[in-house]
Amino acid sequence: MKYLIPLLFPLAVYADTTGNLITNGTFNNGTTGWTTLGDAQVISDCCPGGHDFEFGDNGSITQDFNLYSDTITQPMLNNGITLNSTTEWQNGEGGVGGWSNNGDADSFTVRLQIKDSLGNILATTTQTRTDVTGINGVDFLDTLTYTGTGSNIGNIYLSGQDAAAPANLGGPNVDNISVTMEYN
């Protein structure tokens, strides 16, 4: 009977979670750490810290980040990982900053990727939304899990498109970007 007792208790899997892997997720240092494309720029009209990233007719930003560190090794990553992103979006508020009508709800996209050390894509998830938010914005959560081996680099890609284009920076805004990783 004494040998049966350990079998009745399931083994617990211990998972650790990193801090934020994103550089300059608040845009307080401009676009440092980000690659930008299209009609978009950092503006200073809102939010704690006073900066956010606003999309115009059509623009995007992206950032690669290491999944490994001095304490997170490749064998640990090979046990499987989960990326969890939080992005704060402001969309379709109208009437702010002198703009009286921004038109229909704009679209915004969050894409997460896990890559190997050569940049080959191992896993990806993409979510495009048209949710209308208030002036303070809403946090949106996205998750990507990869259970294979070779994960080494993470990537977040954010884009926005103004439904009333052509316009001048009438698209959605993003701020307070965070990506954490769960690993064993």
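Biologist: What makes strand 8 (residues 153–161) mostly covered?

Modeller: Seven of its nine residues are buried, and buried means under 20% relative accessible area, with exposed over 50% and partly exposed in between (1.4 Å probe, protein chains only). Strands here are DSSP runs (E, at least two residues), numbered from the N terminus. This is a predicted model, where local features need pLDDT of at least 70, side-chain atom pairs count only at pLDDT 80 or more, and totals for chains, interfaces and linings use all residues. Residues are numbered from 1 along each chain as its sequence is written, and side-chain values use heavy atoms, leaving out hydrogens and water.

Biologist: How do you know that strand 3 (residues 52–66) pairs with strand 8?

Modeller: Two strands pair if DSSP finds at least two bridges between them. Nine bridges join strand 3 to strand 8, and the two run antiparallel, so they pair by that rule. Gly59, for instance, has Gly160 in strand 8 as its bridge partner.

Biologist: Good! Why is the contact of Lys115 with Asp64 called a salt bridge?

Modeller: The term asks for a side-chain nitrogen of Lys or Arg within 4 Å of a carboxyl oxygen of Asp or Glu. Lys115 and Asp64 meet at 3.3 Å, N to O, so the pair qualifies. Lys115 lies in strand 5 and Asp64 in strand 3, so they tie together parts 51 residues apart in sequence.

Biologist: And why is Lys115 called buried, but Asp64 partly exposed?

Modeller: Lys115 has a relative accessible area of 12%, so Lys115 is buried. Asp64 has 46%, so Asp64 is partly exposed.

Methods. Helix = DSSP H or I, 4+ residues; strand = E, 2+ residues; numbered from the N terminus.
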